[in-house]
Amino acid sequence: MISVTVTKGYDLPISGRPSPEVKTLKKPLRVASLPERIPFIKPRLQVEVHDHVKIGSVLYEDKQNTDLKFLSPGSGTVTAINFGERRVLREIVIELDREEQVVDFPKIADSDIRSLERESLIRMLMQGGVWTLIRELPFRNIADPKSSPSSIWVVMDSGEPFQASPEVYLRGREALFSFGLKIIKRLGIPVNVSAPDHLRLLGISEMITHRVRGPYPAHDPGVVLYQTKKSASENVCWYLTGQDLLAIASLVKNGKYPVERIVAAGGSRVKTGCHFQTRTGAPIRDMIPELADDTTCVAGGLLTGYVVDADSFLGLHETSLFCMDKGDQAQLFGFLRPGLAKHSYSRTFLSVFRKQPFDMDSGMHGEERACVNCGSCTRVCPVDILPQFTIKCLAADAIEEVLAHGLLDCVECGLCSYVCPSKIELREILRKAKHDYYMEQK
Amino acid sequence: MKIIHKLFDSQRKHFEGKGKLRMLKPLFEATETFFLLPGIVARSGPYVRDSLDLKRFMSFVILALMPPFFFGIYNAGYQSCLVSGLPVDFLTVVIRGLWIVMPLVVISYGVGFFWEILFASIRKHPISEGLLVTGLLFPLTLPPAVPLWQAALGISFGVVIGKEVFGGTGRNIFNPALTGRAFLFFAYPTKMSGDAVWVSISGTAQQVADAVTGATPLAVTVLTESGETVLTALEKAGYTFSRLFWGNYPGSIGDTSAFCSLVGAVILILVGVASYRIILGGVLGLLSTGWLLNYLSASSTNVWMVLPPLHHLVMGGFAFGIVYMATDPVSAPGMEHVKWLYGFLIGVLTVLIRVFNPAFPEGVMMAILFMNLFSPLLDHIEIGWRLKKRISNV
Ligand code: SF4
Ligand code: SF4
């Protein structure tokens, strides 16, 4: 086992941590698939409104790779296909049958795993709709079977505040996890399992290859890779979370498209922060009925996720919801207050002496200004990017230089944007640059 | 709270769209956000943001400037009363001090904001908080007797040439307050460095003033008679080390007291607004060069070379310069290691200028401006060195 220590980064002191308790939600009325939230794919619809689908029927495929199928998380009638701006396919809503039907996929017994070929395994995972859970660094697109990654990382916990905890989703599923590892080892690429060093995870402890210590986002696969790589040949890697590995194992073992998900809900605006046993594509309102207009709800991690409204659904990759105050209230002499309740990376508020976590809100807490070169973003970046200089190179269109600064190592953790006193959208600027570069490469 | 809200809401229409005061929109916004921290909701991830904004960041510099500011008022008043033969009780001194200093501060902020608003309106930028600092920093570097029109000219030069022509806050190469100060120094050398300017004298007492003479410590040394060391010359003129440290002697308004700058430095370093690397680097550079020159002085006739290094630290506004000017993040390097070097070189240059070119007694000002010029190069060097260690990812 390898110990990895990350020194840079920052743990935000956030209140409303979800308890490890798991509540099982009753079957939802509707579920949905959200192609808009899956990075870089170009969906081609395979269903129409009023079609009947089963759990595991194809809803859409990727135009760039038609083997890549996205399957229905429920059995029922397609009631709506919604488009967003510029006719981006936003969501496909399915009203569930009382008795759900399931598409059957081939299954493989534990003893036959050894004879599984790489190509047939890939085809099987693609057909079974779970290949979409494996993603590729540095761009975080869905893994391209034609690329040659140096390794696969199974990440137990991304370190993002309030994600579903491995201690919860692994409970009683250790054998399935180990089965999943056996399966992906058949891809013929070295498999690493990384876990935070404070989690004991007894049931799988001998399968863990990397123990990671450090503040957020130390446990992100991109950061672990950055800290452990020895040469540029390791830059391309595949990764998936522990929960995704369970889904893959479940497909292969049971021959059914797995829709179970454990989702964590937390934050100061959630009544009782806990974990939910629910399913892919479940309605947000089922999990957080109290969601109101003065609340911001972020899906998929407080710092890297996106805002959802109460009528929306849970995306394919997301396993957390975070609710907080909107933060749209002006504050009299806001900048002169002692700030015992104001969280900050800096030492400019009395809150430096505070031990308790803070109620967060989604306010900017200031207006955008020009960069004053304070250096906080560079100090906090876990992969040693120099955001303050990198965005200047970007503004000058010096893309070579931007890449040399390590643009592709950026894990999109958002800490740079968090700390910036000038409120510059550093993460968004870098993320967009990375996105554009990916599109150019294609 | 509600009332203030309503007040701004009711006036907003004049400044927006086709309102007749639309040119002044930046002014309106700046005033409004001074009272009300706006509740803007994050539009892209991450959806939580630090409570620190630039207003608060800059407020700490203002806070740290308070010790030299208050002491400057007192000292300017005190020196003036002394020379003018007025009583030196606290009240008289403070009133006199306010009378001298406040017009300069008002002119500095007034003229500074005029330019800032003008450029902000033309460029449709928000007004930058940086001016709150510049506007106070600048008058503190001035001699108390400087004519108001010169102060106005200086701050104009600082804001327009020092900052706006580069594209505004964040893009300027030089510290604007220092640019303005240096401009006055070169444009009106006699006004800025003669003996008379250091004390503001009330009209009738001119003769008295000449008798007491307000030569600053740095000027004293020029008067050194042969055979006398610079130290005895200083002490003969009343400039003991402790007096230099506490700062009760004639000089620029804010920079005579090394003690006040020390207090400011502690505040700035504690809250992390100024880089301790620059300050400590500067002190190290100054002391080590001072020592080196002491060591070499045997073979030279330069009277300055034997000055004890610690004296350099408390004289000629070095403390003020290194604490408040050199640490301006915009004109200093952004990379952590070269900040040491940047500070160190400022210290070295300060001593070298003082010792070998006594025509510029205020070496620290020149040293900082000179090093401002090299900040981008220093950053470039450290970045290059860091990128070399990086495993490439393209
Ligand atoms: S550049 Fe910003 S978003 Fe990217 S890794 Fe560094 S801190 Fe995180
Ligand atoms: S945190 Fe913001 S203001 Fe500070 S250096 Fe980075 S980009 Fe500039």
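A salt bridge, as the word is used here, is a side-chain nitrogen of Lys or Arg within 4 Å of a carboxyl oxygen of Asp or Glu. Keep that in mind as we walk through this predicted model. Over all chains, the structure holds 31 salt bridges. The general idea is simple: side chains of opposite charge can pair when their charged atoms come close.

Both of those strands belong to a sheet in chain A, so let's look at that next. Its 4 strands follow the order β3-β9-β8-β5, with antiparallel pairing, and the sheet is open. At its edges stand β3 (30-33) and β5 (52-53), and since each has a single partner strand, one side of each is left without a neighbour in the sheet. For β5(A), the pairing is with strand β8 (residues 76-83) of chain A, in the antiparallel sense and over 2 bridges. If you want to find the spot, look for A:Val53, which stands opposite A:Gly76 in β8(A).

In general, strands of a sheet pair through backbone hydrogen bonds, either parallel or antiparallel.

Now for the place where the two chains meet. On one side, 56 residues of chain B are in contact with 78 residues of chain A. The area buried between them is about 5,700 Å², and carbon and sulfur atoms give 58% of it. Across this interface there are 5 salt bridges. B:Arg390 forms a salt bridge with A:Asp409, with the closest N and O atoms 3.0 Å apart. The interface also has 31 residue pairs in polar contact.

Which parts of chain B supply at least two residues each to the side that touches chain A? They are α1 (2-15), α2 (25-35), β1 (36-37), α3 (54-84), α13 (258-271) and α18 (363-389). The largest share, 7 residues, comes from α3(B). Sorted by class, this side of chain B has 33 nonpolar, 13 polar and 10 charged residues. The chains even share strand pairing: 2 bridges join strand β21 (residues 331-332) of chain A to β1(B), and the two run antiparallel. In that pairing, B:Leu36 is the bridge partner of A:Leu332.

Chain A also surrounds two ligands. Around ligand 1 you'll find, among others, A:Cys381, A:Cys410, A:Cys413 and A:Cys416, together with A:Val383, A:Glu412 and A:Leu430. The shell around ligand 1 has 9 nonpolar, 1 polar and 1 charged residues. Around ligand 2, the residues include A:Cys371, A:Cys374, A:Cys377 and A:Cys420, along with A:Asn373, A:Gln388 and A:Ser422. The shell around ligand 2 divides into 8 nonpolar and 4 polar residues, with no charged ones.

Most residues other than glycine have a negative phi, and most peptide bonds are trans. In chain A, the peptide bond from A:Leu137 to A:Pro138 is cis, with omega near 5°, and A:Pro138 lies in the loop between β10 (135-137) and β11 (141-142). Chain B has a cis bond too, from B:Gly45 to B:Pro46, with omega near -5°; B:Pro46 lies in the loop between β1 and α3 of chain B. Then there's A:Phe40, whose phi is near 70°, a positive value in a residue other than glycine. You'll find A:Phe40 in the loop between β3 and β4 (43-45) of chain A.

Notes:
Residues are numbered from 1 along each chain as its sequence is written. Chains are lettered from A and ligands numbered from 1 in the order in which they are written. This is a predicted model: local features need pLDDT of at least 70, side-chain atom pairs count only at pLDDT 80 or more; totals for chains, interfaces and linings use all residues. Side-chain values use heavy atoms; hydrogens and water are left out. Contact means heavy atoms within 4.5 Å. Buried area is the accessible area (1.4 Å probe) that two parts lose on being put together, summed over both. A polar contact is a pair of N or O atoms within 3.5 Å; within protein, one must be able to donate a hydrogen and the other to accept it, and residues adjacent in sequence count only if both atoms are side-chain atoms. Ala, Val, Leu, Ile, Met, Phe, Trp, Tyr, Cys and Pro count as nonpolar, Asp, Glu, Lys and Arg as charged, and the others, Gly among them, as polar. Two strands pair if DSSP finds at least two bridges between them. A residue is near a molecule or strand if one of its heavy atoms lies within 4 Å of it.
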